[in-house]
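Please examine the structure shown below. The paragraphs that follow lead through it step by step.

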Number of protein chains: 2
Amino acid sequence: MKELVTIKAIARQLGVSPSTVSRALQDHPRISLHTREAVHALARQLNYFPSTTARNLKSGKTGIIAVVLPEIRENFFSEIINGIEELAFDRGYTVALYQSHDKVEREERIFTGLASQRVDGILVSVAKETQRFGHIQAVIDRQIPVVLLDRIPPGIAAHRVGCDMERGAYEATKWLAGRGYKRIALLNGPIALVASEDRYRGYVKALLEENLPVENALIKRVDLTTPDVIDKMTQLIQSAIRPDAVLAFNDYVALDAMRACRAQHLRINVDIGFVSFANLPLTTYMDPPPLASVEQHPFRMGTTAVEILLATLVEDNESAEFQTIMLKPELVVSQAAMRVQEA
Amino acid sequence: MKELVTIKAIARQLGVSPSTVSRALQDHPRISLHTREAVHALARQLNYFPSTTARNLKSGKTGIIAVVLPEIRENFFSEIINGIEELAFDRGYTVALYQSHDKVEREERIFTGLASQRVDGILVSVAKETQRFGHIQAVIDRQIPVVLLDRIPPGIAAHRVGCDMERGAYEATKWLAGRGYKRIALLNGPIALVASEDRYRGYVKALLEENLPVENALIKRVDLTTPDVIDKMTQLIQSAIRPDAVLAFNDYVALDAMRACRAQHLRINVDIGFVSFANLPLTTYMDPPPLASVEQHPFRMGTTAVEILLATLVEDNESAEFQTIMLKPELVVSQAAMRVQEA
DNA sequence: CATATATGCGCAAACGGTTGCGCAAAAACC
DNA sequence: GGTTTTTGCGCAACCGTTTGCGCATATATG
């Protein structure tokens with residue numbers, strides 16, 4: 001077992017004190033050029049690296065940003081991390097990753113660990129359908145800055161970064177109406193999700209503006225499982241007012257709903273138009289893809305969250321002002337889908 | 001700014017020494033029950049959490065496992081992390097995440113950082129087409145255990161965890177031959193990738209066993225971009241010996257190749273059968289999916305790598321024995337695809 | 001009752017750095 | 001040449017926790 005190269009080791013070999021070595025390494029002006037060079041030379045020769053742990057202890061910081069997400073393998077979230085890692089790495093921060101698997105219990109265990117880990121900040125997209133937020137409040141009470149990402153529960157005093165999905169739903173619905181669709185269905189998510197409410201409001205607002213009736217028969221809630229989506233979509237098709245377009249909660253719902261349509265011998269985007277949310281790579285694999293998808297900018301959500309977090313870290317004290325940044329969603333129209341429709 | 005709750009603070013309030021508090025918290029038998037209870041009570045009341053940083057400094061460990069991957073948003077890799085996080089969290093380790101974006105330069109910068117960060121171990125899936133591995137050797141020289149994941153370069157003395165893709169290609173080809181396919185094409189990856197060689201060897205081995213000719217015209221290398229895949233697939237279709245089946249380098253290649261076939265009015269899995277590698281969720285979205293896909297078990301690769309790493313951490317000294325674990329791939333036959341074919 | 005053992009706790013060093021302060025010697029000033 | 005300033009470096013404390021050792025006092029042993 002080789003000895004670890006420390007400042008003390010360098011000091012001993014050079015016959016100077018550890019403090020001199022420390023200062024020399026920082027190019028402190030009060031250390032003679034001669035000594036500085038000698039220290040640097042020996043440090044390089046011995047392959048010295050400063051101990052981050054020791055520095056952390058001194059500074060009270062860890063340089064770690066914890067990221068707590070429901071599920072990494074979901075494209076939306078891995079894209080968020082992608083953005084987070086990008087910026088954090090540039091700024092010299094380490095990204096620690098945790099998955100809640102959408103379970104509050106696990107989320108709570110994670111946060112307890114984070115409290116003693118003393119990470120410099122936490123970016124969290126909370127487990128869905130949760131009403132308990134004590135664990136989040138606990139770390140906030142310990143002065144650890146928190147940024148809520150995408151899934152933003154009410155009643156927590158923290159920074160927030162999200163995407164304005166009411167607006168996204170509004171624009172998507174307006175776009176469909178503008179293209180002549182009259183009976184636009186909404187395949188919405190579970191009632192417990194704020195995201196569902198947002199989409200509902202945007203959808204209704206657009207319909208009213210376009211003087212289209214808001215038909216309850218055209219609005220379905222799904223639990224996001226394939227069988228339920230197929231079931232609800234089939235109901236829509238067979239109802240008295242068959243929709244000529246569907247606004248789907250997300251790309252996965254759109255995919256399943258399309259399958260249901262195909263099973264009923266409806267031609268996608270010809271007999272029935274589709275628009276969905278997220279704009280995941282998934283849509284480019286679909287054949288045909290939805291006519292359009294509302295881009296939520298997960299990558300930018302990640303970088304924005306890190307920016308806000310790092311900004312609060314350098315601030316003199318807590319300015320107690322919490323920022324809320326809502327990214328503007330973007331309706332991305334699929335060229336491929338439009339071509340199919342023209343044909 | 002509230003004072004941080006430390007062992008010293010508790011000691012002061014209780015009129016005992018810090019060492020007593022430390023031992024009381026560990027339920028050391030030489031501390032009286034009375035004192036122990038008092039310490040525990042006050043610690044709870046003050047909401048005391050031990051400083052991980054201080055402990056790290058003492059122990060010389062960090063409790064951090066660094067994971068260096070090319071691209072998190074690729075499903076295969078996010079599934080690997082999923083497995084890593086799962087086991088690491090259970091064992092009380094923190095997962096630090098880094099992306100190389102398949103760039104050696106960035107990988108090198110990451111490894112330099114890791115050396116001074118003094119992580120307890122590194123799991124790495126190296127950037128592709130790289131021949132420089134000095135940065136990896138450097139951390140190994142610093143006694144940081146390294147496990148090579150999936151992409152396993154030669155000449156590095158480290159643990160290895162992968163999936164035996166020669167065997168996967170062999171079994172996939174055998175399966176196709178067994179179903180009566182005679183002209184099986186191989187849409188392989190770039191020559192620089194070890195993964196391409198593996199598939200080639202397994203493919204050839206199976207053909208020979210099945211007494212099928214190895215036709216060079218049926219073997220194409222693609223650079224994994226959509227245009228190139230479409231180009232090469234079109235060449236295959238229009239060649240003298242048109243293949244009746246295609247073994248694709250991975251699911252994405254299969255997807256693009258299928259599009260090329262459809263453009264040439266070939267019915268997927270009817271006129272031309274498809275088998276690919278990875279078995280990503282992507283295949284379940286495809287319509288129709290490949291007949292079969294070789295599952296590479298990324299999740300298990302992640303957990304296995306962590307297991308090996310943690311095992312070396314508890315070992316008394318370096319046993320200098322490096323493990324190589326090759327998971328057995330599994331040919332997953334798609335029910336949906338088979339139904340389409342029967343019809 | 002004397003010796004041996006057990007009990008309960010504190011001292012101080014250590015982990016690897018950083019930094020305020022002070023002290024001596026050299027250089028600059030009048 | 002005396003005073004001030006600058007230069008170069010070391011001392012020691014500190015970050016929060018752990019732990020070997022030692023010192024009392026209390027209890028057990030013969």
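In this predicted model, the side chains of B:Glu85 and A:Arg106 form a salt bridge, with a distance of 3.0 Å from N to O. Between chain B and chain A the count of salt bridges is six. The contact of the two chains draws on 54 residues from chain B and 54 residues from chain A. The size of an interface is often expressed as the accessible area lost when the parts come together. For chain B and chain A, the buried area is about 4800 Å², and carbon and sulfur atoms account for 50% of it.

Attention may now turn to chain A itself. Its domain assignment gives domain 1 (7-50), domain 2 (63-163 + 298-327) and domain 3 (165-296 + 331-342). The C-alpha centres of domain 2 and domain 3 of chain A are 31 Å apart. Eight residues from domain 2 of chain A and ten residues from domain 3 of chain A take part in their contact. These two domains of chain A bury about 840 Å² between them, with 62% given by carbon and sulfur atoms. Across this interface, zero salt bridges are found.

Two helices of chain A remain to be considered. Helix 2 (residues 18-25) and helix 3 (residues 33-46) of chain A pack at an angle of about 90°, and their axes are 9 Å apart. Because of this angle, helix 2 of chain A is roughly perpendicular to helix 3 of chain A. Helix 2 of chain A contributes A:Thr20, A:Val21, A:Ala24 and A:Leu25 to the contact, while helix 3 of chain A contributes A:Thr35, A:Arg36, A:Val39, A:His40 and A:Ala43. Among these contact residues, five are nonpolar, three are polar and one is charged.

How values were computed:
Residues numbered from 1 in each chain as written. Chains lettered and ligands numbered in written order. Predicted model: local features only at pLDDT ≥ 70, side-chain atom pairs only at ≥ 80, totals over all residues. Heavy atoms only, no water. Axes fitted to C-alpha atoms, helices over the stretch in contact; angles between N-to-C directions. Helix = DSSP H or I, 4+ residues; strand = E, 2+ residues; numbered from the N terminus. Parallel < 35°, antiparallel > 145°, perpendicular 65-115°, else oblique. Contact = heavy atoms within 4.5 Å. Nonpolar A, V, L, I, M, F, W, Y, C, P; charged D, E, K, R; others polar. Domains from an automatic or database assignment. Buried area = accessible area lost by both parts, 1.4 Å probe. Salt bridge = Lys/Arg side-chain N within 4 Å of Asp/Glu carboxyl O.
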